[in-house]
Amino acid sequence: MDIALIAINALGLVGFAFILLSTRMKTKPGFLISDMTGNLIAGTHYVFLGGAGGVLFCWAYALFDLAALKLGRAGLPVLGALLAGACIILMFFDPGWADLIAVIGSVAAVASRLQSDMRYVLLLAAASSLFWGTYGVMMGSWPQIAFSSTYVVLSLYGAWQAHRKLSAP
């Protein structure tokens, strides 16, 4: 592995660390700022890997976080519009299978945000992470693989906890 690839993956690792850190924030603005920072950095990581889907969707999520900071819950339609726009733009890049996998992962992520039952939110987040982990394998992004694997485990564990809480007598 050459030094440039190590630096590119280190950049991705920093971005995905910010996204994981966002789950530990105590306030919604803290969550959104950390997630936005992570997505901007992770998107830049995909610029260097040549992953159009990764760039577009990470930066679209960063813009959504910015909109959510300003618009609150009204920002959800902004996410849908940004992701739809990213899909349209992606078509101009002659997407391959990896980019189409990113689209599916993003659709699952949006669907998770539309759920009211936390179990479904987390199950769809896990599904989204499985697709994004596959994208990471296809793009050679070990930070994406590590992040997605961690997120799948955390999401499934959270879904199991939510299910236990709802099932308790």
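This section describes the helices, the nonpolar core and a surface patch of a predicted model.

Helix α2 covers residues 28-49. At 1.5 Å a residue, its 22 residues should span 32 Å, and the 31 Å between its end C-alpha atoms agrees with this. G50 follows α2 and has a positive phi, near 75°. Helix α7 has 26 residues. Its first and last C-alpha atoms lie 37 Å apart, close to the 38 Å expected at 1.5 Å a residue.

The largest nonpolar core holds 21 residues. Within this core, F16, Y46, F57, Y135 and M139 touch the most other members. Helices α1 (3-22), α2, α3 (52-71), α5 and α6 each supply at least two residues of the core. Leaving aside residues up to four places away in sequence, Y46 touches F16, G51, G54, V55, C58, Y135, G136, M139, S141 and Q144.

Q144 is also one of the buried residues of α7.

A nonpolar patch lies on the surface. Its members are L13, W97, L100, V137, M138, W142 and I145, and together they have about 700 Å² of accessible area. Helices α5 (97-113), α6 (118-139) and α7 (142-167) each supply at least two residues of the patch. L100 belongs to helix α5. L100 counts as partly exposed because its relative accessibility is 32%, between the limits of 20% for buried and 50% for exposed.

Technical notes. Residues numbered from 1 in each chain as written. Predicted model: local features only at pLDDT ≥ 70, side-chain atom pairs only at ≥ 80, totals over all residues. Heavy atoms only, no water. Helix = DSSP H or I, 4+ residues; strand = E, 2+ residues; numbered from the N terminus. Expected span 1.5 Å × (residues − 1). Patch = residues over 30% accessible without salt bridge, like charges linked within 9 Å, V, L, I, M, F, W, Y side chains within 5 Å. Areas by Shrake-Rupley, 256 points an atom, 1.4 Å probe, with all protein chains shown as cover. Salt bridge = Lys/Arg side-chain N within 4 Å of Asp/Glu carboxyl O. Buried < 20%, exposed > 50% of the residue type's maximum accessible area, 1.4 Å probe, protein only. Core = buried A, V, L, I, M, F, W, Y, C linked by side-chain atoms within 4.5 Å. Contact = heavy atoms within 4.5 Å.
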